[in-house]
Amino acid sequence: MHPMKGIMKAELVLEDGYRCEGTAFGAPMSVAGEVVFNTGMVGYPESMTDPSYAGQILVLTYPLVGNYGIPVNGTPEEQLDLLSKHFESSRIHIRALVVSRLSPGYSHWSAIDSLSAWMQRHNVPGLHGVDTRALTKRLRSKGCMLGKLLVDDKDVAWDDPNVKNLVADVSITEPQWFPAEGEKKVVLVDLGCKDNIVRSLVRRGLNVLKVPWDYDWTGEEADGIFLSNGPGDPKKCEDTIRILRKGFDRDIPIFGICLGHQMMALAAGADTYKLKFGHRGQNQPCIEVGTKRCYITSQNHGFAVDERSLPPEWSPWFFNANDGTNEGIRHKDRSLASVQFHPEARPGPSDTDHLFDTFARSLKHAIQYS
Amino acid sequence: MPSNIHKVLILGSGALKIGEAGEFDYSGSQALKALKEEGITTVLVNPNIATIQTSESLADKVYLLPVNPEFVTGVIAKERPDAILVGFGGQTALNCAITLSDTGVLAQYGVKVLGTPIQTIKDTEDRELFVQRLGEIGVDTPRSRAVTSWDDARKVADAIGYPVMVRAAFALGGLGSGMCADEKQLEDRVKKAFAHSPQVLIEEYLNGWKEVEYEVVRDAFDNCITVCNMENVDPLGIHTGESIVVAPSQTLTNEDYHHLREVAIRTIRHLKVVGECNVQFALDPHSDQYRVIEVNARLSRSSALASKATGYPLAYVAAKLSLGYSLTELRNSVTRTTTACFEPALDYVVVKVPRWDLKKFRNVATQLGSAMKSVGEVMAIGRNFEEALQKALRMLEVGVDGLVATKSPQFDDLDDALSKPGTERVFALPQAVRAGYSIERIRSLTHIDPWFLQSIASLVGVEKRLEAYRGGHCTNDLLREAKRAGFSDAQIARILALDEITVRRIRQNAGIVPYVKQIDTLAGEYPAQTNYLYLTYDASEDDVDWGHQKNVLLLGSGAYRIGSSVEFDWCCVNASKAVRKLGYRSILINYNPETVSTDYDVCDRLYFDGLNLETVLDIYERERCMGVIVSGGGQIPNNLALQLHEAGVRVLGTSPIDIDRAEDRHKFSSLLDEIGVAQPEWQEVTSFEDAQRFCESIGYPVLIRPSYVLSGAAMGVATTWQELRVFLDRAADVSQRHPVVISKFYENTREIEVDAVGAFGNLLTMAITEHVENAGVHSGDATLVVPPQRTYLETLRRIRSITERIAKALYITGPFNIQYLSKGTDVRVIECNLRASRSFPFVSKIYKRNFIEMAVSAMLGGELESIEHHLYELDYVGVKAPQFSFTRLQGADPTVGVEMASTGEVGCVGEDFEEAFLKSLISVGFRFPIKRVLLSTGPLVDKVAFLESARLMDAMGIKFFATAGTAEFLTSYGFDVTVVYWPSEGKHPDAGELIEQKQVDLVINIPKNFQESELTNDYVIRRKAVDFGIPLLTNIQLANRLAEALSRKTPGDLQIKELQAYG
């Protein structure tokens, strides 16, 4: 859009009354949701298509966004069945995007479109020209809040995504099959799964059966179970937790990521709680318990596992080096483990990619994470 | 942390030179602090006396000695350290350490190398090993071969196909590197490269690829983080030190960013780096292909920039890691609550722009390439690229107000200016946009990514929209937009045809003011204690609170450049310390990422922002400062003094009115007349006729200073009307608007300097420094001695008396410097600066009396203690010698004159002049013993002056080679001289060959007059000496002092003694 033409005012309103005005981009519509911030400096297409952001208005702290446009979505041959090459799902999951400065142009060999045009096609509004640092500091000190992005003064009702089961909205409804080179088969429970989890498993020769969040996989023929990431309050996914608890009786490896990690903890009998403003970024340091090894991880979560509530057969695996919160748990005797961060990266660093190798190994012969 | 490490030796980088500048003062100082915290005894070897790291408060022992294997071995033998840190003193320290390791010195004395092992350093320095090691882990490097002969070089180039890239191994700042389009260029470059390096690399040429760097940190437990990535706006083909650089990268996707990050981490894990490391990538702009082009397993200029760009103290952390700490055990020093094992998230944009000083040199090649020529850099921070870029260009202090709406270079051949990058290419970009060039066309000419070009086009767009309001007031929305795009009040004023202060008033009335933001390493995610700030208009809220009392604003020295370097940073850091000691809060403004003054623990608040009237006023007003100190940071703040005063700012110390009385030639001259002090005759002329008339009345030679020059040196000496004419022709314009100042030039006259501190017109203390060279050599290029060795007591007495009278007349409070001419016992004043001078750290450290601390005390009304003035009574001698960087300035004539040419300095101490002098010469690259000398001793008077030295050298068995005139003269006095031909004569042996084949150990070549302009034979000889690494002397007094010193001392007589042990 030419900077002079079609300028439309827009405003972000927080539940505490804070307002900041800027310019609208993307789809010209008003929306409401929970306002969260992410400190990553790259990866807006990946973040925006991450289903974990369902129901959220995303504030990016890096001030220049849209610089490299939106990439081509792969030729059909390059694509794994049902997977996009450059995104984490087939659509934008955030409610709205808030940035300091939308790049007026874009440049990258892989780009075919501008951020704004892409958002317009996906019916997602954006706001730019606001002091995102001031906004971030507010969210940091007061905690994440509900917010409304109002375009052209059109008001909408407040909408708290954490009171409903968002997973049901973003999960698939029918199982999907992703064949691979190898023999082993993994059931991947889709709680709002990022495509790169599927890619990471298939790349290791694991056949993947992706199933809906409430699918009872306990009778399914499988060498291992993988619990994906996903949005919202973990306690809303009662069905998933119930099935998982039953699944513990089967002696097969289970691994969880993010929301999957919280499911694992809840199924094991531990508790979860809401963080003040969550961890969303690509620079979260996580230390492996009992070592001096620290990994830089990609994160996107608003809830955390309460380590003190872990039953005795489970132990903490990773913790956040900044605030000490739990970042992973492992079973003391069995191949059961989960992490709060995202080993599949995208966006973010791939430092913990080896956890997929460990999982693949666990399918061949039982391993203990402790 | 290993408990058996009690004493650590740290190697510094020596004098500042192109490719190795102040960044190593920053890294060495942080390393010293990190070790001290552990209770470790520190020993520093670094002859750079102007640095912070050689200050008494940092290292336990400071050896002002050359950083070479001989002296460092001596220090090791004496100090017996447990361990050595080699990664904090640039290439100089690294090369020295490799030799010490190879020769078994480190093993012999049981000195452990901390951090990255020597073998890793070799793996990264030796190109063949480098390619092989990275190949082992599947990391792509440019196709290349290392060669050790010209013949192999030719064969490899043929195999790869032209154009090819040539790189010299073991070289700093890309010395001797460059693109070769054909065999002829290859031959020329390869042969030169072999002069500096036994090994040369021929590689595939990746012209136009993006250049991206990662700063990686690894600990002994294999934890790895990338602290910062940076993208060069100027793509591959231009050395990163010569490029405009932006952090973080702007045109990389998540895939690009994290792929390169993963490769960088894989690389340094494989190489087993412990500490800090820089990995440079080439990235194809049209695919995901990459190459790792370089790995620097040490602190570097890029790491200093990354440190300042992110707030992450890389050097401090690297030092701790080398002691065996893990990253997780260290705290983030900005938040103080989170771990150091994280990757900073930036919520701002950093732009670095190099600063060149090529105009000071004759014949120098000005096109940019893969060898570094810049002498410094600026770093600007903004919330968008346009804001940061325009700020950065202002900070350069090259007379521009930003990228657009400014007086800036104009290019006649735009395509040429775009495709053949010179130092001013960035200004060709908006010119091309205005001329209607498409982004695609500019891209194909420059290879600059369209994203950057679009940003520049948008600046031209704002400029155009403002133009519609010329002569009036623009809308507040447009004004705000312009301020957000980094337009200064001066730029807006220029477009609207208003004055700067009017624009300031309009925007302040409209509530358009800058906001203050913190650099907190975590993008606001955690509360930060940081005092590290910048201004931006792209915001709506401040990060900091106000209302503190007793704020003193200190203005820093800006980018390093010829004439203003680390010495002023020493002054600023010490001023800040003194301010705090007196109970005030120090608020500092500086934008030079290579400095210690911009470190997180130097002041109470640091503004990484501009030193211009607008920004200084903005900060002064917001902070409600009780005053500003302008006398510590050299000429930039000094020039602001009067403007600040007129804007109602309280300038501490000497009144700006009095500063102006010293700065303004007319006012100062009448003041000297009033108090009866002599000065060289001078006149300001506005026409050729006036010039001729005046020169004939005072007699030649004369010193000329035009107020406006297009190119070439600004000052010169003319011995005849013809020479004067040539010089005035070169000055673009002689007119009422651009007058030329001509003054009498006194030959065979000594130059003496006074550094002093005054309080309310009284002289508190002073140091008298004597130049070795006669007047005619810029004081920054002269060899200085304290206490004076060859000056009459009567002269010293007169100088003291005049200094007292001037202090009184200008009612000086604070630091000042006066330059004197003396002949016999006659004394004349040439210049007086009411600020700290270049030699303040030198005299402070030699006399062990902190002149800056006294000056600040005087300015802030602290306790004053008048010091007795008998400062020439010392039991030892200090010598300060200049460091030139001619090697890097291809084509430049390596002579000295009235324009300063040196880039750095060293200061050494000895029992007597000879000892200190020889140490200082070795520190700037002289090598002894000298057995064969090539002489051409210039005019007859110098030939005669050299006779006694010839006798001394002859007696030492030194063999003479000389060109015809000098040979004939010396032979007539009975010396045995081998005659060599001039290079242009085409006969053998010629002087050039002698140098190329390294058949001589020293070249003494005295220019025939003050202003040799043509490419003479002498020029060829001097240039060859520089290109082939043979020590060169071009001044007769220096040559004579050297001959005397060599006849009295051998290298073995030079004592290994720390600064603390003198006096």
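Contact here means heavy atoms within 4.5 Å. By that rule, 52 residues of chain A touch 65 residues of chain B. This is a predicted model, in which local features need pLDDT of at least 70, side-chain atom pairs count only at pLDDT 80 or more, and totals for chains, interfaces and linings use all residues. Residues are numbered from 1 along each chain as its sequence is written, chains are lettered from A in the order in which they are written, and side-chain values use heavy atoms, with hydrogens and water left out.

**The A–B interface**

Chains A and B bury about 4,700 Å² between them (accessible area lost on being put together, 1.4 Å probe, summed over both). Carbon and sulfur atoms carry 47% of that area. Three residues, A:W109, A:R133 and A:K292, supply 16% of the area that chain A buries against chain B, more than any other three residues.

**Salt bridges**

A salt bridge is a side-chain nitrogen of Lys or Arg within 4 Å of a carboxyl oxygen of Asp or Glu. Over all chains the structure holds 96 salt bridges. Between chain A and chain B the count is 11. A:R133 pairs with B:D520 at 3.0 Å, N to O. Within chain B, B:R465 pairs with B:E481, their closest N and O atoms being 2.7 Å apart. B:R465 lies in helix α16 (residues 450–467) of chain B and B:E481 in helix α17 (residues 476–484) of chain B, so this bridge ties together parts 16 residues apart in sequence.

Helices are DSSP runs (H or I, at least four residues), numbered from the N terminus. Axes are lines fitted to C-alpha atoms over the stretch in contact, and angles run from 0 to 180 degrees between N-to-C directions.

| Helix pair | Angle | Axis distance |
|---|---|---|
| α22(B) (residues 635–646) and α23(B) (residues 656–663) | about 125° | 9 Å |
| α30(B) (residues 913–923) and α35(B) (residues 1036–1048) | about 110° | 9 Å |

Angles under 35 degrees count as roughly parallel, over 145 as roughly antiparallel, 65 to 115 as roughly perpendicular and the rest as oblique. The angle of about 125° makes α22(B) oblique to α23(B). Residues of α22(B), including B:L642 and B:H645, meet residues of α23(B), among them B:I659 and B:E663. The contact of α22(B) with α23(B) divides into five nonpolar, four polar and two charged residues.

α30(B) and α35(B) are roughly perpendicular to each other. In α30(B), B:F913, B:F917 and B:L921 are among the residues that meet α35(B), where the partners include B:L1042 and B:R1048. By class, the contact of α30(B) with α35(B) has eight nonpolar, no polar and three charged residues. Ala, Val, Leu, Ile, Met, Phe, Trp, Tyr, Cys and Pro count as nonpolar, Asp, Glu, Lys and Arg as charged, and the others, Gly among them, as polar.

Notes
Helix = DSSP H or I, 4+ residues; strand = E, 2+ residues; numbered from the N terminus. Buried area = accessible area lost by both parts, 1.4 Å probe.
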